[in-house]
Amino acid sequence: MTSDARDLLVDLHAVAAIDVDGLLHLLSLHGRAEGMCLRVLVTGWQPQPQQCMATVAGIPGPRADTGERYALAGFRRLLEQRALGARERSDFIEGWLPRV
């Protein structure tokens with residue numbers, strides 16, 4: 001990053017799949033960038049990452065355009081709260097995450 005950067009573009013075209021931890025990592029990156037006064041644009045949402053977000057957010061149906069909703073701060077907070085809850089309920093010994 002240069003000192004005069006104002007924007008951060010996150011390109012997800014090559015990200016075919018994401019899980020709760022990947023979603024939390026993306027949300028953390030977004031929060032850190034905003035803390036540096038950077039405008040964040042996430043592009044290239046693939047079907048599975050959108051479906052993961054929809055499932056975590058509790059949105060029924062296929063994907064429900066969650067890539068567009070991700071731009072909203074309130075939706076990101078909801079995702080973070082629910083993803084953290086799913087991680088807390090997960091069984092890491094068995095290697096699965098409930099309902100995600």
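**Close-up 1. Q50 and the residues around it.** In this predicted model, Q50 touches W45, R63, D65, T66 and G67, if we skip its neighbours within four places in sequence. Q50 is part of helix α2. Is Q50 buried or exposed? Its relative accessibility is 12%, and buried means under 20%, so Q50 counts as buried.

**Close-up 2. Q46, in the loop between β2 and α2.** Here we look at Q46, which sits in the loop that runs between β2 (39-43) and α2. Which residues does Q46 touch, once those up to four places away in sequence are set aside? They are L12, H13, V15 and A16. Take A16: along the chain, Q46 and A16 are 30 residues apart, yet their C-alpha atoms are separated by 6.0 Å. With a relative accessible area of 23%, Q46 is partly exposed.

**Close-up 3. Helix α2 meets helix α4.** Now for two helices: α2 covers residues 47-57 and α4 covers residues 73-89. Their axes come within 8 Å and cross at roughly 75°, which means α2 is roughly perpendicular to α4. Who meets whom here? From α2 come M53, V56 and A57, and from α4 come F75, L78, L79, R82 and A83. Sorted by class, this contact of α2 with α4 has seven nonpolar residues, no polar ones and one charged one.

**Close-up 4. R76 and the ring of Y70.** Zoom in on the side chains of R76 and Y70. The charged end of R76 sits over the Y70 ring, 5.8 Å from the ring's centre.

Terms used
Residues numbered from 1 in each chain as written. Predicted model: local features only at pLDDT ≥ 70, side-chain atom pairs only at ≥ 80, totals over all residues. Heavy atoms only, no water. Lys NZ or Arg CZ within 6 Å of the ring centre and 35° of its normal. Axes fitted to C-alpha atoms, helices over the stretch in contact; angles between N-to-C directions. Helix = DSSP H or I, 4+ residues; strand = E, 2+ residues; numbered from the N terminus. Parallel < 35°, antiparallel > 145°, perpendicular 65-115°, else oblique. Contact = heavy atoms within 4.5 Å. Nonpolar A, V, L, I, M, F, W, Y, C, P; charged D, E, K, R; others polar. Buried < 20%, exposed > 50% of the residue type's maximum accessible area, 1.4 Å probe, protein only.
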